[in-house]
Amino acid sequence: MPKQSTRIDDLLASVTADLLDGDPQRFQDNSIRVERILLELVRPDPVQPRRVLPERIHFAFHQNRLTPTQALRELVQIVQVAARQRGRPFSSVLELLPRSDDDSEETPDVQLSPEEQLLRDLINLAVTIRDDGQVNPLSVVDVSQGVTRLYRIETGERRYWANWLLRDFIPGYDGDGMIPCIVVPSERSSVFRQAKENTARAGLSAIAMARQAALLLLAIHDYEIPDGPVSNDFYRQALELDLRGKREYTDVVLAAMGGVGKMRFSQIKSLLRLSDEALELADRHNLDERKLRPVLLLDPGVHAEIIRQIIDFKLTSKQVQELCEADETDQQESEEPNDIPTSALRIAKVAQAATAPSPHDVARALIKRTGDVDLARVRLRAIQKLLADAEQYLTE
Amino acid sequence: MTRVFVLTNHKGGVGKSTSATNIAFGLTAVLRRAGASNSRVLLVDTDSQGHATLVTTGRNNYGADDSLYTVLMADRQAAPQVLANCIVPSTWDENLHVLPASPMLEGAERELIGVAGAPYRLADPLSRIANQYAAVVIDTRPSFSLMTEMGLLAATDAIVPVEPRYLETVGLMSVINKINEVREGWRHPNLRISGILITKLDMRVRGHKHLLEELQSHSILGKLICGVIPANEAVSYAHHNHQSIFAYDPQCPASKAYAQLVGQLVRQMAKAGA
């Protein structure tokens, strides 16, 4: 058999030598090229720090439980429910776009949920692609194996989803199901390149930045980056890692993160200490790192509740800091074993009082103590929840 | 643009499947040796007999869910993805992929008659994935059927294998006319006759020699001859062993002739791409 394969080689070599005609580079082309690729052959990167779809859909899609069309249908359904609750039902996704003749849509008090905003942005992009064509190609890496052709998106996931929306949800599509892509040879692809592309663009959330930092740390410490979707615990492995052990990579990692300093890098990475629910909320609502930093001081069990309050009351980073420092004091007090915290005793005393204070006085007192109406409302809501929970204990 | 070679002749037994499979394998092997960044070649078998499928994949029992038939019956929008899903690896080379035929293709023609756009049911989805390959080679059935028209409409280059026998050469003009008809009538200007491939030539047979000389001296057909494959028992044995002629006997005359032909095709591809 080896003899035979040598003979094939000899035969092919004679043809090839003739073909190359003294120019050995003639057929070699490792340049980055733009190609039109069938939409179905392109897939978003499951480990990409910047997540476009809500977490539940993101995981279902990357675990192949949803097709791209089904994933978008789920998103549309979420938005439909949210829109109906807000009294703005729609039957066609195009109705989400602001009408040029209707100024009321753009009034500042109309607050869109993150999902509504996401779908609206994607539809806007899809309509632009439909009307003007896709100007910027996606960048993809050829990850084909055998007969299975597959390209993994490096940048341009929003354009990918916009193309699916256009194809399956928006009338008037007359394309051929192809999408222009810059095909990056797999040997040129790296987490550093992807990080640079990500950080060079605006709108990367603090949580996405934290995931990005984690990916870079994991990569330089030779952790294997999986092909499928990963949980937050995968990124949290980076909490145990730092740049000190890999000084030769420090500059390139910080540059890939957009030129941040070591301290800032560490602050961003620390966000991964937030609980899963808090991470999802913070990512979805694009909360700033400075607002999230104080939350890390608290017990993970209350992270999500605090994040909700930050979102609901639009707290500033200063307000979040005050809120969290006060909560931290309460937590420290309650850590005394077999001892009822002073704050709890105070509430019990108020409950026992023969004459309850007037609501007006309570409101004034709260504002006086917190110095802020929003913070006062946060405190009041916390007490409401606390009293409800306490009543539950009594019932049990 | 990816070159799509179709091997066609309405006469049976002229070496269409043999040539299609060996050209496909030769292209991928030569491109790889030349260091091409993409040396993948797709072999599309449109002949319900599935001979090309059998020798390159080791089986010919593909059916309603995993063959060209599946592609032809698929929803128009889903067809490119269905086609990509139906492609299987060959046993000859990791970069030679096969879209297998199925005995069900026999009935497909009947099922598709009267269906709008039926002749484009291969060309349309194939055009969406062709750029994944350095070249595509289509084997057709021995008739001027809807399936053959589909192959021609999907192709950029037609190669006409022909045996050097009187009746075969007489029929040659009707094949060429058919190709021209598809190019003009179906407005498919990209289709060109890439060459006439003389197969099974036995120089000991006086008639073969005479007809070859006649063809070579013909003002038009002579220029179209792209290769001469000698009659060679090794081809049959290679089929029997499900091997390419290059793997079965690299030094036999047929191997050398196919290597010459493949070299010529690759040179054309390189010239067109330059």
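This is a predicted model: local features need pLDDT of at least 70, side-chain atom pairs count only at pLDDT 80 or more; totals for chains, interfaces and linings use all residues.
Reader: Which elements do the buried residues of helix 4 of chain B pack against?
Author: Residues are numbered from 1 along each chain as its sequence is written, and chains are lettered from A and ligands numbered from 1 in the order in which they are written. In helix 4 (residues 79-86) of chain B, six of the eight residues are buried (20 or more other C-beta atoms within 10 Å of a residue's own; exposed means 12 or fewer, partly exposed in between, with C-beta atoms placed from the backbone), and among them are Leu83(B) and Cys86(B). With helices (H or I, at least four residues) and strands (E, at least two) taken as DSSP runs numbered from the N terminus, and contact meaning C-beta atoms, placed from the backbone, within 7 Å, the partners are strand 1 (33-38) of chain A and, in chain B, helix 3 (68-73), strand 4 (96-99) and helix 6 (123-129).

Reader: Which helix of chain B gives the most residues to the side that touches chain A?
Author: Across the two chains, 33 residues of chain B are in contact with 26 residues of chain A. Several elements, including helix 1 (16-33), strand 3 and helix 12 (245-248) of chain B, each supply at least two residues to that side of chain B. The greatest share, eight residues, comes from helix 13 of chain B.

Reader: Why is one side of strand 3 and of strand 8 of chain B left without a neighbour in the sheet?
Author: Chain B holds an open sheet of eight strands with mixed pairing, in the order 3-4-2-5-1-6-7-8, where two strands pair if DSSP finds at least two bridges between them. Strand 3 (88-89) and strand 8 (225-230) of chain B stand at the edges, so one side of each lacks a neighbour because each has a single partner strand.

Reader: Which residue of strand 4 of chain B is the bridge partner of Val44(B)?
Author: Strand 2 (residues 41-45) of chain B runs parallel to strand 4 of chain B, and four bridges join them. Within strand 4 of chain B, the bridge partner of Val44(B) is Leu99(B).

Reader: At roughly what angle do the axes of helix 16 and helix 17 of chain A cross?
Author: The contact is made by residues including Leu366(A) of helix 16 and Leu380(A) of helix 17 of chain A. The axes of helix 16 (residues 359-370) and helix 17 (residues 373-395) of chain A come within 8 Å, where axes are lines fitted to C-alpha atoms, for helices over the stretch in contact, and angles run from 0 to 180 degrees between N-to-C directions. The axes of these two helices of chain A cross at roughly 115°.

Reader: Is Ile311(A) buried, partly exposed or exposed?
Author: Ile311(A) is found in helix 13 (residues 300-312) of chain A, and, not counting residues up to four places away in sequence, Ile311(A) touches Leu281(A) and His285(A). Because 16 other C-beta atoms lie within 10 Å, Ile311(A) is partly exposed.
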